Amino acid sequence: MKSFFGVDYYPEHWPVEMMDKDINRMVDMGVEVVRIGEFAWHIMEKNEGEYDFSFFDMVIEKLKKRGIKVIFGTPTATPPAWLINKYPEILQRDENLMPRSFGGRRMYCYNNETYREYTKRIVTELANHYKNEDSIIAWQIDNEFGHEGSDLCFCDTCKRGFRNYLKEKYGTVDNLNKSWGTVFWSQTYNSFDEIPLPLKTITHHNPSMQLDYKRFMSKSINEYAKFQVDILRDILGEKAFITTNIAGGYFDKNFDHKQMAKEMDIASYDNYPVWGGLKEPITPANIAMDLDFIRGLKRKNFWIVEELMGAQGHTIIGYLPRPNQAKMWAYQAVAHGAQSILFFRYRTATFGTEEFCLGIIDQDNREGRKYREVKEFFKDVKGYRELLQSPIKSEIAFLYDYENIWAWKIQPQSTAFNFKEEMLKLYTAFYRHNTHIDVIDSKDDFSNYKVVVLPVMMIVDEELKHRLEEFTKKGGTVVLTYRTSIKDRNNNLYLGKAMPCNLNDLTGIEVEEIESLQEGQFAYADGKFGRTKCSVMREMINSKGAEVLYTYQDKFYREKGCITLNKFGQGEVYYIGTSADEEILTKIAEEIVIKNDIEHYNTPYGVEVYTRYLNDKKYMFVMNHTDEDKEVLGIKLMPYDSKIIEVK
Ligand code: GLA
Ligand code: ZN
């Protein structure tokens, strides 16, 4: 699938008379594709069974005349009022058992049979209507699955579904009781029908049960997505090219994104480096990690179907991207593997919940700074299409496992713990050296990397243990952090094993005790790269062969290791038993990058370079993420400047 550029267009939000002018302006801007249709269910089916696609037929005709292609969205993120009023049981229930009201979006239950039926009808009608429409180059199903809290449901259908899921998984209730440890607090079940959903209770539900509930929700969301994909593939056959837009905050969501991406022809992302209420954007490293995560889903380049241009927010507006800043984010996105980009949105709406989600054009309908930036960006990147489609090769991989992330969500163990922040801290350490990094599922094959980093991987099963050992034996470097391998897949601790339970040999250490540190609480450790603050958690490590790089500085734990390095086979294993300072982590990363001869660049703080290769040529994407003039590789950069440079 080639690379293309465009905008998210909502033609239904403006008088029809404006359409021709708008499309002309899009052509002038350099738009090649628009996304339409998602959220427009009522226009397509005003009353039950009255399908009418004439509005979009007209829009597509007009776009076609000017050579603009279409990504069509299925409208299931916003069921119409008539449907919800007829079948209120479609609505999700929250953990207080309150139905989510009609009025927002994404309020339907993924398991509701009636909703499945109506989904099937609208998607079938839509696909049949447009199956011969060649200007539709791709389909987007739904919109941002699981976003805005829509990834949990506690309705009766889900309760039945959860019990069936457990029956299938455990076979007998005795088996479930054993696996969950329900003897604790007299929670032993006599039958599957007694098992509750994790509704509000006093203190907390059993952690094994909660993890199974999250697995069940993940399965529900992914099955619903597949249900739509299958309908489209059935009708569209060979021509089907399907995606779905993944929202930010992917590590906070209760569905396995990798699983969903498997059903898609390409992974798509909605890239919003800043949103409602944020005083400033997320860090450049954070944006980069997001992009690398999306690329990791299919281990291929991807699309961005919503790229922020204006400030955004529903009731509270976010930071105003400075001149050229949003454009620079678009360069950063293509650098990290976005081969196509659509900006959100063509023009700001003058009504509805999103009238403060500012577009390329504001409500004044004038061509201003944002318009010029988009136009310049399109013009420039169109000269590099082939480069943007070229594969990205990384020698460093960050590994995650959704079940591990959920286990942390269930028991964060410190008020200062946040999975994404822990991942990001380590990611930033490598990002600083301008290395290529893949962010991938730990079940993916990682044998070809030089370095794998597994932040806070509480769940390390036998299989992962084995693969890590093989990887290290052959010369790989592994980086682990605190609380590694303390839990099994049932979310229970191991009996009779020192932590990190499955990785004592690999790490050459044993953790004797741990201390949870709350927000604002720190310990200190000294070692190789100078003193580090220890936050979130610290482990008192006894070496069983590993070199101790850092020891604690307080009275009772001076003898205990904090950071260690073990030789295993031809390889090395770093174990960081705390959340260390970014500065120290950056030095450890540098040591690893140099030892492993990994391509990297020193740049001034806030300046990112990302290399890409095409045929025998090397290109550098250079981004100045700061509001100051900078210089790098002999190139002068203005604030928020970005450039693509061919390196001779
Ligand atoms: C999301 C959605 C869009 C819109 C924008 C607003 O990511 O997919 O429908 O809500 O954000 O910023
Ligand atoms: Zn439900």
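At what angle do the axes of helix 5 and helix 8 cross? In this predicted model, where local features need pLDDT of at least 70 and side-chain atom pairs count only at pLDDT 80 or more while totals for chains, interfaces and linings use all residues, residues are numbered from 1 along each chain as its sequence is written. Chains are lettered from A and ligands numbered from 1 in the order in which they are written, and side-chain values use heavy atoms, with hydrogens and water left out.

The axes of helix 5 (residues 113-130) and helix 8 (residues 207-236) cross at roughly 30° and come within 9 Å; helices here are DSSP runs of H or I with at least four residues, strands are runs of E with at least two, and both are numbered from the N terminus. Axes are lines fitted to C-alpha atoms, for helices over the stretch in contact, and angles run from 0 to 180 degrees between N-to-C directions. That angle makes helix 5 roughly parallel to helix 8, because angles under 35 degrees count as roughly parallel, over 145 as roughly antiparallel, 65 to 115 as roughly perpendicular and the rest as oblique.

Helix 15 (residues 419-431) and helix 18 (residues 582-595) pack at about 50°, with their axes 8 Å apart, which makes helix 15 oblique to helix 18. Lys425, Leu426, Thr428, Ala429 and Phe430 of helix 15 meet Glu582, Leu585, Thr586, Ala589, Ile592 and Val593 of helix 18, and these contact residues divide into seven nonpolar, two polar and two charged.

With helix 10 (residues 284-298), the axis of helix 15 crosses at roughly 100° and comes within 9 Å, so that helix 10 is roughly perpendicular to helix 15. Here Pro284, Ala285, Asn286, Ala288, Met289 and Asp292 of helix 10 meet Lys420, Met423, Leu424, Tyr427, Thr428 and Tyr431 of helix 15, a contact of eight nonpolar, two polar and two charged residues.

A cavity is a set of points, on a 1 Å grid over the protein atoms alone, where a 1.4 Å probe fits but cannot get out, and its lining residues have an atom within 4 Å of a point; grid points are joined across faces, edges and corners, and a volume is the space filled by probe spheres set on the points. The lining of the largest cavity has seven nonpolar, three polar and two charged residues.

The second largest cavity has a volume of about 50 Å³, and among the residues lining this second cavity are Asp292, Tyr427, Tyr431 and Tyr610. Helix 15 and strand 21 (607-614) each supply at least two residues of that lining, although the largest share, three residues, comes from strand 21.

How values were computed: Contact = heavy atoms within 4.5 Å. Nonpolar A, V, L, I, M, F, W, Y, C, P; charged D, E, K, R; others polar. 1 Å grid on protein atoms, 1.4 Å probe; cavity = no way out; pocket = protein on both sides within 12 Å on 5 of 7 lines; lining within 4 Å.
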